[in-house]
Amino acid sequence: MDRARPVETLSSAEARRLALAAQGFLGAPDRRGGVAAMLRRLGAVQLDTISVLARSHELTAYARLGAVGRAAVEAAYWGGDAFEYWAHAACVVPMEEWPWFAFRRLKYRDDGVWNHRAPKEAFDEVRLRLAAEGPLTASQLGGAKGGGPWWDWTPLKVAAERMLSAGEIVCVERRGWKRIYDLAERVVPASLLASEPSPEDCHRHLVQRAGRQLGVATRGDLADYYRLHLAAVERVVADTDLVPVRVQGWKDQAWADPMLLEHLAAGQLRGRHRTTLLSPFDSLVWHRDRTERVFGFVHRLEAYVPAPKRVHGYFAMPLLAGGRLVGRVDPGRSGRTLVAKQVTLTAAAVEPMAAALREAATWVACDNVSVARVEPPALAEPLRAALS
C-alpha cells in the first residue's frame with residue numbers, strides 16, 4: 001500500500017458510520033449465516049456470568065439479528081466452529097482464529113492466567129481423565145473450589161485452567177455456566193493445531209482484524225480489542241492494509257478499514273439503523289473511552305459498584321437508535337413482565353426506548369413492560385403512554 005498518499009480526514013459522523021457498519025448495525029440486519037456469520041464478523045463475543053434478560057453473549061446476537069432463539073445462539077458458539085479463549089476477555093472466538101493466539105498460549109504456558117500453581121500430578125490427572133472419559137467439568141474432575149475465598153481453586157481446577165490458557169485443552173461448552181473441558185487434539189482441526197505463527201505475525205493479523213471489526217480506530221482502540229500491548233500495535237500497524245486517517249475531534253491518529261472507506265466514498269454506508277438495547281459487554285461499547293469518543297456517550301458498568309452509589313443501575317443497557325446512543329435502561333424481570341427499573345433518556349428517545357423495550361420483552365417471552373423510575377421524571381408518563 002502507498003503510505004505516502006495524503007491522510008484522509010473523516011468527520012465524526014463518518015467515523016460513527018464506519019464503526020456501526022463494521023459492527024453490523026448499519027442497514028437491515030444481515031441474517032445470512034445467522035449467529036455463526038455474526039461471530040466471524042465480530043471476531044470475538046464476550047462471555048460474562050451476569051444474566052439479566054439473558055446472558056451477554058445472547059444479547060450480542062439479539063442486538064444485531066433480532067429475536068434469535070437461544071438454541072441457535074448456543075449451537076453457533078459451541079457447535080465445533082468456535083472456541084472459548086482470552087481475547088478481549090473470556091470470549092467465544094471463531095475456530096479459524098486458533099493459530100493467531102499462539103503468542104498468548106506460549107505466554108500462558110509459563111505464566112498462567114491467574115498465577116495459580118498446581119503440582120505436576122494434577123496436570124497429569126486432568127490429561128489422563130479427559131483422554132479416558134471425554135469432556136468433563138471441573139466438578140467432575142474432582143471439584144473446582146478449595147473451600148476458601150472466591151479464587152481458592154483445587155489443584156485440578158488450577159491445572160485445567162492453566163492447560164486451557166496454554167491451549168492443551170479447550171472449553172467445548174458452557175453448561176450451567178460451568179466450563180466443559182476436552183483435549184484440544186479432539187476439538188481443534190489438526191491443520192489449525194499444527195499452525196504456530198510467530199508472535200509478530202499473530203500481532204499483525206489481530207491488529208488488522210481489530211481494524212476490520214472497529215471500522216476506524218486509534219492505536220489504543222486496536223490494542224483494546226484483543227488486549228494487545230500498545231507497543232506491539234505500533235510495531236505492526238504500518239504492515240497491515242489499514243488506512244491512516246484523521247477524525248475530527250479525535251486527538252490521536254486513527255486507521256480505517258479500506259473496504260469500508262470505499263463504501264463510504266461511494267455513499268453506500270447508509271440505510272436503516274437498528275433500534276436495540278446493548279449489553280454493556282457488547283463489542284460496540286466495551287471500550288468505554290472509545291464509546292465516549294465515537295458516540296459522545298459516557299457509559300460505565302455499575303454491577304460491581306455498591307448499590308447506593310449507582311447512577312444508572314446494576315446492568316444499564318445503552319439504547320442504540322438512529323445510529324446514536326440516546327439513552328439507557330436497567331432491566332429486570334418479574335414473572336412475565338419486563339421491568340424497566342431505571343430509565344435515563346431524552347424526549348427524542350421516548351419512542352425508540354418504547355420500541356426497544358417491547359421487542360426485548362417479546363424476545364424473552366414477557367407479556368408486559370412496566371416502568372419504575374425515569375430520569376428526567378417528566379418523561380415517565382410519555383414513556384408509559386408510548387409503551388401502551
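## A buried arginine and its partner

Arg-179 counts as buried because its relative accessibility is 12%, where buried means under 20% relative accessible area, exposed over 50%, and partly exposed in between (1.4 Å probe, protein chains only). This is a predicted model, in which local features need pLDDT of at least 70 and side-chain atom pairs count only at pLDDT 80 or more, while totals for chains, interfaces and linings use all residues. Residues are numbered from 1 along each chain as its sequence is written, and side-chain values use heavy atoms, with hydrogens and water left out.

Arg-179 forms a salt bridge with Glu-84, with 2.7 Å between the closest N and O atoms; the term requires a side-chain nitrogen of Lys or Arg within 4 Å of a carboxyl oxygen of Asp or Glu. Because Arg-179 belongs to strand E7 (residues 178-183) and Glu-84 to strand E3 (residues 82-86), the pair ties together parts that are 95 residues apart in sequence. Glu-84 is also buried, at 3% relative accessibility.

## Other charged pairs

Across the whole structure, a search finds 28 salt bridges. In one of them, the side chains of Asp-182 and Arg-186 meet at 2.6 Å, N to O; Asp-182 is buried, with a relative accessible area of 7%, whereas Arg-186 is partly exposed at 42% relative accessibility.

A further salt bridge brings together the side chains of Arg-373 and Glu-375, at 3.4 Å from N to O. Both residues count as partly exposed, Arg-373 at 45% relative accessibility and Glu-375 at 30%. Elsewhere, salt bridges with shared partners join Glu-84, Lys-157, Glu-161, Arg-174 and Arg-179 into one network.

## The fold as a whole

The protein contains 17 helices and 15 strands, which are DSSP runs numbered from the N terminus (helices H or I, at least four residues; strands E, at least two). Its radius of gyration is 22 Å, which agrees with the value near 21 Å that a compact globule of 388 residues would have; the radius is taken over C-alpha atoms, and the globule rule is 2.2 Å times the number of residues to the power 0.38.

Along the principal axes, the C-alpha atoms fill a box of roughly 65 × 60 × 40 Å, and buried residues make up 55% of the 388 residues. Among contacts (heavy atoms within 4.5 Å) between residues at least 6 apart in sequence, 66% join residues at least 24 apart.
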